[in-house]
Structure formats: C-alpha cells, structure tokens
Amino acid sequence: MIRKGFQVAARLGYHRVLPGTPRILPRLNTAAAFGSSTESLVSRFCQEKTNLKDYALPNASWCPDMLSLYQEFVEKTKADGWIKLPSFKSNRDHIQGLKLPSGLAVSSDKSDWRIFTRCIQVEGQGYEYVIFFHPSKKNSVCLFQPGPYLEGPPGFAHGGSLAAMMDETFSKTAYLAGEGLLTLSLNIRFKNLIPVGSLAVLNVDVEKIEDQKLYMSCITLSRDQQTVYAKSSGVFLQLQLEEESSQ
C-alpha cells in the first residue's frame, strides 16, 4: 500500500520529508485538509444500522482483565465522551460510499477481503481486540489479547503481532482524528514480552498535525500499568477519501 501510494504521489506533487532526502508525496489542499469533521468521520465509521458482524465485542475467549476493562470503558462511553469503535472484517465496510484517492484503487475478482488483524476467524486464537476513541481529545485506547496463533517465543506473543496491533490502532486513530490514511513510519522499542492470552493496553495519542502528516505515540502496558511492553511512534499521511461514483 505504501509503495503504491508513493507511485501515485509522483503524479500528484513533490514534497521533502527529511533534510537532504527528497521524497515524493501527494499534496493536500490545506483549506480542505479537515473538510470532514471528526464528528462526521466517526458517524460514518460507526454505522448504527448494519448487518455486518462487529468483531470487537466480548466473546468466551476474553480473559477476566479484558472483560473488566472493556466494561469500564463501556461505562465511559455513557458520560466521558469515549466511543467504542466497531470492527468489521474489512476496512471497505467502514468506508462504504467512499474510495481511496484516484490511482490507489485496485481491481480484483476477490470477494472475501479481510483486514490483517481480522484474518484469524476462530475466537481467541488470533487477534482479540477492541478500540475506544475519544473525539475531542483525539486519543485512543486499544485492549489487545493475543491468542496462541500469534506466538513467538514459547508462551509469549510474537513482536510482529504487537507491531501490527499498534499500526492498526494508529491507523484508526489517525483517520478519525485527521483523515490519516497511509503509514509513513512506525518505530517501536520493545520492553517486555506479552504472555499469550493476557491483556495488553495500547494508549495512543496524536502529538501534532502539521504539513499533511499526523505524528502519534503509543505506550503499551499491562492491565495494572506496572509493566511496559513497548513504546512506539508513528507518522501518518493525510489523504481524503473520494466519493464513489453512483454509476
């Protein structure tokens, strides 16, 4: 996706990312950068009436820590401004009626599209997670429970599974906070191993938005906040989705 994005960007504009290192990036009209408010983005993303399965709901595989913290955040959605984000099997389901910018869309005869973190269908075996987003604060909390299919060292989650979960939480936050679509960079410092079947809590903040990019940070902790599993930062490119043709 990133490589394809830069190929398309070559036809859209020129931008310098790092000192002395020219990079091709699409330019975004600053006046239109926030043409969609956070409220409208959230409203479209979180469809109230849908027959789509929401994978971010409790199931029998969730550990007690996951269930208890989930309930705490559900209570916060009633008074503290937090929103539970639904999680469908594909991002296509979240942006119905919209499409990627011209040149990024691809055609295929495939029908069963799945986002990477929802590719394991058996409950509890892969990625069990739910993301809560705070629109006014523009931050997110992800509750993540890695299953045995994500094992790295015996009994512990593979570092790549946490990296994917960080990227997924970053991406949802970036899109809702400022129409961030593409990952430009992701830097991770691993601190401790996450036991398979336990809860890891990802706390994501948008540090700043400037020059068509969102700069974000994440710290991943244990349920009691006594263990730091990893710290990371990410940069996302702002790009506006386009309305699909009615034809």
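Within the sheet, asparagine 203 has isoleucine 219 in strand E9 as its bridge partner. Across from asparagine 203 of E8, valine 141 also stands opposite. The model is a predicted one, in which local features need pLDDT of at least 70 and side-chain atom pairs count only at pLDDT 80 or more, while totals for chains, interfaces and linings use all residues. Residues are numbered from 1 along each chain as its sequence is written, and side-chain values use heavy atoms, with hydrogens and water left out.

Helices (H or I, at least four residues) and strands (E, at least two) are DSSP runs, numbered from the N terminus. Two strands are taken as paired if DSSP finds at least two bridges between them. On that basis, strand E8 (residues 200–210) runs antiparallel to strand E9 (residues 213–221), and nine bridges join them. Two residues lie between the strands of the E8 and E9 hairpin, where aspartate 211 takes a positive phi near 50°. E9 also pairs with strand E10 (residues 228–238), again in the antiparallel sense and over nine bridges. Here leucine 214 finds its bridge partner in phenylalanine 236 of E10. The hairpin of E9 and E10 has six residues between its strands, and glutamine 225 in the turn shows a positive phi of about 65°. Strand E6 (residues 139–146) joins E8 through six bridges, likewise in the antiparallel sense.

A salt bridge is a side-chain nitrogen of Lys or Arg within 4 Å of a carboxyl oxygen of Asp or Glu, and the whole structure holds six of them. One joins aspartate 211 to lysine 213, with the closest N and O atoms 3.5 Å apart. For accessibility, buried means under 20% relative accessible area, exposed over 50% and partly exposed in between (1.4 Å probe, protein chains only). Lysine 213 counts as buried at 4% relative accessibility, whereas aspartate 211 is partly exposed at 39%. In another salt bridge, lysine 84 meets aspartate 54 at 2.7 Å, N to O. Lysine 84 lies in strand E3 (residues 83–85) and aspartate 54 in the loop between helix H2 (38–45) and helix H3 (64–79), so this pair ties together parts that are 30 residues apart in sequence. Aspartate 54 is buried, with a relative accessible area of 18%. Glutamate 75 and lysine 78 form a further salt bridge, their closest N and O atoms being 3.0 Å apart. These two residues are three apart in helix H3, a separation of about one helical turn. Glutamate 75 is partly exposed at 45% relative accessible area, and lysine 78 is exposed at 60%.

Rings of Phe, Tyr and Trp (its six-membered ring) pair if their centres lie within 6.5 Å; planes under 30 degrees apart count as stacked, over 60 as edge-to-face and the rest as tilted. The structure holds seven such aromatic pairs. The ring centres of tryptophan 62 and tyrosine 70 are 5.4 Å apart with planes at 75°, so this pair is edge-to-face. A charge sits over a ring if NZ of Lys or CZ of Arg is within 6 Å of the ring centre and within 35 degrees of the ring normal. Arginine 118 lies over the face of tyrosine 129, at 3.7 Å from the ring centre, and the charged end of lysine 208 sits over the ring of tyrosine 215, 4.8 Å from its centre.

A nonpolar core is a set of buried Ala, Val, Leu, Ile, Met, Phe, Trp, Tyr and Cys residues joined through side-chain atoms within 4.5 Å. The largest has 36 residues, of which Phe144, Tyr175, Leu176, Leu202 and Met216 touch the most other members. Two or more residues each come from H2, strand E5 (127–134), E6, helix H5 (159–178), E8, E9 and E10, and H5 gives the most, with nine. A second, separate core of 15 residues includes Leu69, Tyr70, Val141 and Leu199.
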